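Please look through the sequence and the structure shown below before reading on. The report then takes up the model part by part.

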Amino acid sequence: MTDNRFFDEMLTGAGDARVPYSEYAKWFSGEDPKVLLKKSNEAETFFRRIGITFNVYGQKEAQERLIPFDIVPRIIAAREWRLLEKGIEQRVRALNAFLADIYHRQEIIKSGRLPEHIISRNDAFLPQMVGMTPPGGVYTHIVGTDLVRTGENEFYVLEDNARTPSGVSYMLENRETMLQMFPELFTKMKVRPVSGYPAELRRSLSECAPPNFDRAKPRVAVLTPGIHNSAYFEHSFLADQMGAELVEAGDLRVVDGKVQMRTTMGYKPIDVIYRRVDDDFLDPLSFNPDSMLGVPGIMDVYRAGNITIANAPGTGIADDKALYSYMPDIVEFYTGEKAILKNVPTWRCSEPDSLQYVLDNLNELVVKEVHGSGGYGMLVGPAASKKELAEFGAKLRAKPDNYVAQPTLALSTVPIMTKKGLAPRHVDLRPYVLVAPGRVHITPGGLTRVALKEGSLVVNSSQGGGTKDTWVLGD
Amino acid sequence: MLGRTAGGLFWMFRYLERSENTARLLETGFRMALTVQDNAESEWESIVTTAGAREEFLEKYEDFDQASVTNFLLRDRDNPSSVMSCIEAARSNGRMVRTALSTEVWEAVNEAWMILKEELKRPVSVKNLAEILTTIRQHSSLVRGALHGTMLRNDIFDFCRLGTFIERADNTARILDVKYYVLLPSAAHVGSRMDNIQWETILRSVSAFRSYRWLHEGEVSPNTIADFLILDRRMPRSLAFCYSKIVGNLNYLNGPDAPELPCLRMATQTHARLSGRNIDRVIDDGLHEFLKVAISETGRLGSQIQEDFRFYG
């Protein structure tokens, strides 16, 4: 049942379980598949009851949908995790150093390692941030590095997600669900806990607070666009778990040089905002004068050093797809070391030679919009029809600057539970990284997204992907 | 607490209370229709009027027949007071203030919404009406039980309770106002079968039939009914009871040292008036006028609470 073109994380070509899965495979063989399938359906009821749903834009009928959950865990050995941890930490440190540099002296451009136009013609670069240092010197407080695996020791970074990575609530709730459904597995295997994430998040956000707060500890708030946002569940979940306030822009106002929230007893100052809104919706005075959203004047407070905004405005420049292909250089430039994690080879369609190559090999490549996300507007060459290829080719020729292309990676598979038993499906991995002054914390685990359709390589929840619990084993 | 959160809690519980009242009204109407043969239509009409949805109803229907009224009050989303609209609004507010609610309260309201959404997908027939009304009642009890059993007794709890009692006071006053003519001496053909049924209706629509009988040992008179529903502080849906709770919650929210909030002053005044009253005087002075004042005062109190606690800015 394994397809030899792809690395399966559970079973070897001969059908034996790989070491990290050996204990699980032994347990699985003793279970009744019918009972497991039933448990799988129970999980769905559980998710609905607590309301872990996401909203799908443009689909009125199914406004609140569940991300399907698969009960087979994705298991990562201690040794594998150590490698990932080192690689992620290196990369995240480099991202922060890059952001500090790019909004100050721009040494990397002066050194010739990064062409100037990548920054100057990029909407993700915020001129408002030039010369400004965020409290604690941290730009990306929360990062969700998207990784894929293609072999025993081959991991690639697909995206850095340095703006407002989502999905961490699934990491936590998936684990809760597994603990409830299969407690015996956790007694057999040493699975490292992920439940410390909210406390760690609160701690690292607090450490980045401006120094002048007037209470025993800084007041932290999660800023959400509101109940209609697709990730609203996560926003309220995190606020709840951190013991932070959940605020909307309408609750906030600048009073006496501080960002304050309207309480039943008047306005109270906030020190740290974990914002789950885009830069554009932060401050209508600074970014989007037509917007009714946002908190007028919040950027002035920010520049005066009186509020921490996580992640800092303008961090989007670090995970921009136009910049991605320069990441190995960026890591080396700021850390003085070779990048531990690989970058996927990337053709920049803005360069004529690359464009020609991409057009000639379209049926083998994945083409992405430079500013796109969520799996929208991308082409998966091997899965596309002739007609789709031709249409996409025309789009490429019309606006080459708008696209980058990458080879179709042979993403690893992990089995999912189906009516016919275990069946391999492609996965990716998003670990969650927290950055505090002088400290990087990576939760041992993450969100494993799985393409539920046989053969599909697109794992995005908006495109029919599901999730799995991710187990990092202890030594 | 955020003003918006306080507003969300307040409205979540107003809507829950309203959905329960709408269901109870419908139950009463259903019972009446079974008992009264000749003018069932006008009974259904007065049910819709009591629910405060007459205009919306007439935009869609011509006759006040059982099927139209049932579906209008239970599942019509054009009717903002229908059970489905209320449950949806309650859940939506609950989602907004989720961080202020215990898991149990949130799950209870979310489950109520999920189940009723299913049950009320299709038109409700006489055959399954009783079952659906029971489901509605049970789910609202579950939410209330979760609230009492699992929530901290702090300002969050007070805003939930305020929403409940403002809505309940308003509802009791409305029910009485629509039916007040039955209680007037001029219309009292004491002991006639018709009157007994009408009085019973009033008592049933506030879930007070049994407790009334128990307290008054079967003696039914218009004045004792009015006294029971307006002034009796043992009766959990009477105006006096609701206002004593409102004053208690507002006192807590105001705090002992802070200057008295305008909403607390208003509530205290109304409460004082309800405490010192004799029902015979109320009826002599005009029951309808009295209830009209009570309804508008409750409305104004709701707005003042909203302003004093900065629900919207």
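Which residues does A:I273 touch, not counting residues up to four places away in sequence? Those residues are A:A221, A:L223, A:V259, A:I307, A:T308, A:I309 and A:A310, where a contact requires that the two C-beta atoms, placed from the backbone, lie within 7 Å.

## Basis of the model

This is a predicted model, in which local features need pLDDT of at least 70 and side-chain atom pairs count only at pLDDT 80 or more, whereas totals for chains, interfaces and linings use all residues. Residues are numbered from 1 along each chain as its sequence is written, while chains are lettered from A and ligands numbered from 1 in the order in which they are written.

The predictor's confidence in each residue, pLDDT, runs from 0 to 100; for chain A its mean is 90, and 95% of the residues of chain A reach 70 or more. Over residues 58–62 of chain A, however, pLDDT stays under 50, and for this stretch the model has one contact beyond four places in sequence.

## Nonpolar cores

A residue is called buried if 20 or more other C-beta atoms lie within 10 Å of its own, exposed if 12 or fewer do, and partly exposed in between, with C-beta atoms placed from the backbone. A nonpolar core is then a set of buried Ala, Val, Leu, Ile, Met, Phe, Trp, Tyr and Cys residues joined through C-beta atoms within 7 Å. In soluble globular proteins, nonpolar side chains tend to be buried together.

The largest nonpolar core has 190 residues, and those with the most contacts inside it are A:A221, A:V259, A:I273, A:I298, B:L9, B:V83 and B:L239. Helix α8 of chain B, residues 155–183, gives the most to this core, with 13 residues. Another core lies apart from it and has ten residues, among them A:C349, A:V358, A:V366 and A:A405.

The C-alpha trace of chain B spans about 55 × 50 × 35 Å along its principal axes, and 49% of the 313 residues count as buried.

Chain B is divided into domain 1 (1–151) and domain 2 (153–313), with bounds that come from an automatic or database domain assignment, and the C-alpha centres of these two domains lie 20 Å apart. Their contact takes 28 residues from domain 1 of chain B and 25 residues from domain 2 of chain B. On the side of domain 1 of chain B that touches domain 2 of chain B, the largest share, 19 residues, comes from α1(B).

## Where chain B meets chain A

The contact between the chains takes 18 residues from chain B and 18 residues from chain A. On the side of chain B that touches chain A, the elements that give two or more residues are α1 (3–35), α5 (83–96) and α6 (103–119) of chain B, and α6(B) gives the most, with four residues. By class, this side of chain B has six nonpolar, five polar and seven charged residues, where Ala, Val, Leu, Ile, Met, Phe, Trp, Tyr, Cys and Pro count as nonpolar, Asp, Glu, Lys and Arg as charged, and the others, Gly among them, as polar.

## Two buried positions

B:V83 is placed in helix α5 of chain B and is buried because 25 other C-beta atoms lie within 10 Å. Leaving aside neighbours within four places in sequence, B:V83 is in contact with B:S19, B:T22, B:A23, B:L73, B:L74, B:L116 and B:I136.

In chain A, A:N311 is placed in the loop between β13 (308–310) and α11 (321–324), and A:N311 counts as buried because it has 25 C-beta neighbours inside 10 Å. With neighbours within four places in sequence again left aside, the contacts of A:N311 are A:Y139, A:T140, A:H141, A:I142, A:A162, A:R163 and A:T164.
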